[in-house]
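Good morning, and thank you for joining.

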Amino acid sequence: MAKAKRILKWQRDPEGMRIRILEAAKQEFAAHGLAGARVDRIAANAGANKRMLYYHIGNKEDLYLEVLEGAYEQIRNEERGLDLEHLDPPEAIERLIDFTWNYFIRNPEFLALLNTENLAKARHLKRSTKVKSMHSPFVEMIRTVVNRGVESGDFRVAVDPVQLYISIAALCFFYLSNSATLSVIFGRDLLKKEARDERLAHMVALVLAALTGKSTADFGKPKPAGLRSAAHQPV
């Protein structure tokens with residue numbers, strides 16, 4: 001009876017079932033990595049069965065790649081909604097840093113997936129036909145902001161947008177992915193709200209100082225909580 005109900009659920013809402021499988025798979029791969037993930041747990045958590053999962057999505061590695069592509073697609077889609085094109089260049093860069101930082105905090109599964117794939121030397125990502133095309137518009141968006149900043153006199157040099165984004169992501173990623181060991185080493189709780197706010201202010205100051213040639217003291221003063229949009233609040 002339970003098996004018949006699962007089949008009926010799939011037939012009535014195949015796209016909904018696919019979404020549930022991908023979400024369950026994301027949680028499983030983030031928690032256990034590719035090697036430790038179990039398809040039976042994914043199927044059970046999605047309310048499906050392994051036969052259906054294999055038929056509609058493929059084997060475990062195919063499912064993992066689809067989860068990885070979906071994770072990149074989600075962050076790129078949200079980045080496109082930042083409206084950087086209509087902000088003054090320094091404000092646009094600050095918003096990008098704020099978004100990247102808080103996105104990583106809100107989506108620890110994304111960081112876990114990146115760690116897993118880097119340990120695999122991007123072996124699965126190399127099979128993707130989607131990921132590179134997702135990133136081209138994003139790079140151009142950053143390039144446009146940087147070029148506007150140079151033209152307006154806000155920025156001193158038109159830095160490579162890829163290098164700029166990698167630097168921003170690295171400033172966020174290393175802190176969060178190593179917060180447990182760093183907290184012990186330096187005797188601070190680096191995930192307390194005050195520490196996260198201090199880190200965000202530091203990153204903004206560092207990047208804008210590099211772009212503008214000004215002192216870090218001119219940037220990065222934490223804003224009162226009430227002035228920040230709810231969409232960008234850390235959780």
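This is a predicted model: local features need pLDDT of at least 70, side-chain atom pairs count only at pLDDT 80 or more; totals for chains, interfaces and linings use all residues.

What does the side chain of Lys 130 meet in a salt bridge? Its partner is Glu 69, with 4.0 Å from N to O. Lys 130 belongs to the loop between helix H7 (108–119) and helix H8 (131–152), while Glu 69 lies in helix H5, so the pair ties together parts 61 residues apart in sequence. Glu 69, at 9% relative accessibility, counts as buried.

The whole structure contains 10 salt bridges. Another of them joins Glu 66 and Arg 18, at 2.5 Å from N to O. Because Glu 66 is in helix H5 (residues 60–80) and Arg 18 in helix H2 (residues 14–36), this pair links parts that are 48 residues apart in sequence. Glu 66 is partly exposed at 21%, and Arg 18 is partly exposed at 25%.

I turn now to helix H10, residues 179–186. Here Ser 179, Leu 182 and Ser 183 are buried. They span an arc of only 105° around the axis, which means that they share one side of H10. In general, an α-helix has 3.6 residues a turn, so residues three or four places apart point the same way. Ala 180, Val 184 and Ile 185, on the other side of H10, are exposed. The cover over the buried residues of H10 includes helix H9 (161–177). After H10 comes Gly 187, with a positive phi near 65°.

Key. Residues are numbered from 1 along each chain as its sequence is written. Side-chain values use heavy atoms; hydrogens and water are left out. Buried means under 20% relative accessible area, exposed over 50%, partly exposed in between (1.4 Å probe, protein chains only). Helices (H or I, at least four residues) and strands (E, at least two) are DSSP runs, numbered from the N terminus. The arc is that of the directions from the helix axis to the C-beta atoms. Contact means heavy atoms within 4.5 Å.
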